[in-house]
Amino acid sequence: MNYKSTRNDTISISSAQAIAQGLSHEGGLFVPEKLPVITEKDITQLCGKSYKDRAFGIFKLFLTDFTDEEIGDCVTKAYGDNFDTENIADISHLLQGTYILELWHGPTCAFKDMALQILPHLLTVSARKTISDKEIAILVATSGDTGKAALEGFKNVSGTTISVFYPEEGVSDMQKRQMATQEGDNVFVCAVKGNFDDCQNGVKSIFTDKDIARELDGIGVVLSSANSINWGRLCPQIVYYISAYAELLKNGEISFGEKINIVVPTGNFGNILAAYYAKKMGLPVNKLICASNANNILTDFIKTGIYDRNRDFYTTISPSMDILISSNLERLLYHMSDGDTALINNWFNSLKETGRYEVTDNVKKKISEEFYAGYCSDAETKAAIKDCFESYSYLMDTHTAVAYKVYNEYKDNTGDMTKTLIASTANPYKFGAAVYEAVGGSCDGLDEFTIIDRLQEKTGTVIPQALASTKNKEIRFKGVIERDMMAQTVMNFLKK
């Protein structure tokens with residue numbers, strides 16, 4: 001299994017090279033040359049296995065240059081008592097045929113842990129195979145959850161450093177505190193005056209700057225990414241959709257070969273792209289439902305085929321989706337255009353130069369066949385949290401609530417009653433103020449810890465220890481920079 005670049009079809013590299021490098025030198029993303037196939041028999045055989053064993057089997061399909069021992073070691077280190085449930089990802093029932101896939105039982109209480117607890121181990125093995133004489137510098141742009149999950153995954157990992165940039169006013173108080181109090185000798189965190197797209201563009205420009213690459217080469221450092229542009233981030237996300245299907249089958253919730261819908265709240269398109277890959281591998285999936293917040297660029301694109309970021313940017317109560325440049329969409333378009341790198345370069349050059357592109361009618365048709373899209377305002381998000389809690393005694397965060405609202409809209413519009421899995425991406429206490437207000441509380445004059453205490457009292461749910469413990473931790477990182485200072489800031493950190 002080799003990997004190609006979405007922007008250069010002459011490139012063909014191993015999975016270890018793709019993971020170590022993160023992003024192709026010309027700015028393309030790495031994709032498998034051919035997706036492996038899983039049969040209904042394969043899925044049935046996964047039913048009796050643990051999450052670790054399911055992950056091992058799926059990784060073997062994609063990481064063919066890794067030994068069984070290497071994959072097994074990575075999986076064992078990633079998925080253990082660092083998660084608060086033996087299942088790693090639990091499934092909760094809302095009502096008959098509607099299920100919540102809880103992806104937030106890891107150490108930072110967000111779905112990013114599902115991939116970022118294993119990525120450091122995959123990267124360490126990859127580096128050993130490809131760049132053993134250099135240190136790896138991880139660069140991360142985050143809208144909240146990726147940053148903390150990456151910091152936690154890479155802290156004190158030998159041979160690596162990690163630098164995380166987040167929008168100064170674009171994350172929740174708890175997300176900011178989680179990052180600012182991060183422990184570890186090899187970590188760096190900084191706020192940027194701007195939004196997530198500014199952070200993401202800054203990181204990408206560092207990756208493609210040849211002068212920076214030469215300077216880093218001189219000090220024995222290579223760059224890599226922990227964002228979902230890195231195949232080592234995306235591949236583990238495929239695992240949990242296949243595992244969830246096997247779990248539903250094992251529990252008798254679905255029958256052999258029965259199709260399900262999958263609903264994903266997403267901004268950068270990585271989480272729902274993983275579900276698309278699982279479907280293309282053979283997972284019985286009917287419709288992929290893409291849920292956006294007020295930054296509904298993906299909704300508009302899926303409905304019209306026009307991607308236009310020349311629009312207002314909104315800071316919402318679901319900040320992990322406050323994105324106008326959805327990086328992983330490039331991978332989908334590569335597949336939908338049958339690997340036409342000329343088209344991909346044309347579209348993404350247009351995006352860079354004009355902020356806009358329009359796909360062909362054929363690609364537009366293919367996308368509409370696979371995806372449904374909808375979006376949700378902040379008021380609707382809070383109403384969804386309230387409705388779900390009052391109807392099912394289930395407390396959702398502000399991102400899962402977007403998916404819940406869009407899914408209900410989908411049912412109303414289509415009449416489709418196919419059994420459905422909703423991806424739940426964060427623990428509600430990560431967004432305590434918005435969730436508390438949604439269930440009738442008032443946050444006036446309260447700090448984030450008083451708010452989550454009140455939320456616990458009001459709902460009878462439990463504050464995760466990982467969040468409560470940040471109250472007494474030292475705030476290590478207080479820096480705020482202009483967006484054009486990101487490259488220099490990274491170099492200053494790496495040269496210390």
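This is a predicted model: local features need pLDDT of at least 70, side-chain atom pairs count only at pLDDT 80 or more; totals for chains, interfaces and linings use all residues.
**Exercise 1.** Find the largest cavity and say which residues and helices line it.

*Solution.* Begin with the count: there are two cavities of 30 Å³ or more. The largest has a volume of about 250 Å³. Next, look at its lining of 25 residues, where Phe 111, Lys 112, Gly 267, Asn 268 and Ser 320 are the closest to the centre. Now turn to the helices: H7 (145-154), H11 (231-250) and H12 (270-281) each give at least two residues to this lining. Finally, sort the lining by class, and you get eight nonpolar, 14 polar and three charged residues.

**Exercise 2.** Which helix supplies the largest share of the lining of the second largest cavity?

*Solution.* This cavity has a volume of about 50 Å³. Its lining consists of Ala 141, Gln 200, Val 203, Lys 204, Asn 227, Ile 229, Asn 268 and Ser 327. Helix H9 (residues 196-207) makes the largest share, with three residues. By class, the lining holds three nonpolar, four polar and one charged residues.

**Exercise 3.** Are helices H17 and H18 roughly parallel or roughly perpendicular to each other?

*Solution.* Locate H17 at residues 378-392 and H18 at residues 400-414; their axes come within 8 Å and cross at roughly 85 degrees. Angles of 65 to 115 degrees count as roughly perpendicular, so H17 and H18 are roughly perpendicular to each other. Then check who meets whom: the H17 side includes Glu 380, Ala 384 and Tyr 392, while the H18 side is Ala 401, Val 402, Tyr 404 and Lys 405. By class, this contact has seven nonpolar, one polar and three charged residues.

Methods: Residues are numbered from 1 along each chain as its sequence is written. Side-chain values use heavy atoms; hydrogens and water are left out. On a 1 Å grid over the protein atoms alone, a cavity is a set of points where a 1.4 Å probe fits but cannot get out, and a pocket is an open set with protein on both sides within 12 Å along at least five of seven lines; lining residues have an atom within 4 Å of a point. Grid points are joined across faces, edges and corners, and a volume is the space filled by probe spheres set on the points. Helices (H or I, at least four residues) and strands (E, at least two) are DSSP runs, numbered from the N terminus. Ala, Val, Leu, Ile, Met, Phe, Trp, Tyr, Cys and Pro count as nonpolar, Asp, Glu, Lys and Arg as charged, and the others, Gly among them, as polar. Axes are lines fitted to C-alpha atoms, for helices over the stretch in contact, and angles run from 0 to 180 degrees between N-to-C directions. Angles under 35 degrees count as roughly parallel, over 145 as roughly antiparallel, 65 to 115 as roughly perpendicular and the rest as oblique. Contact means heavy atoms within 4.5 Å.
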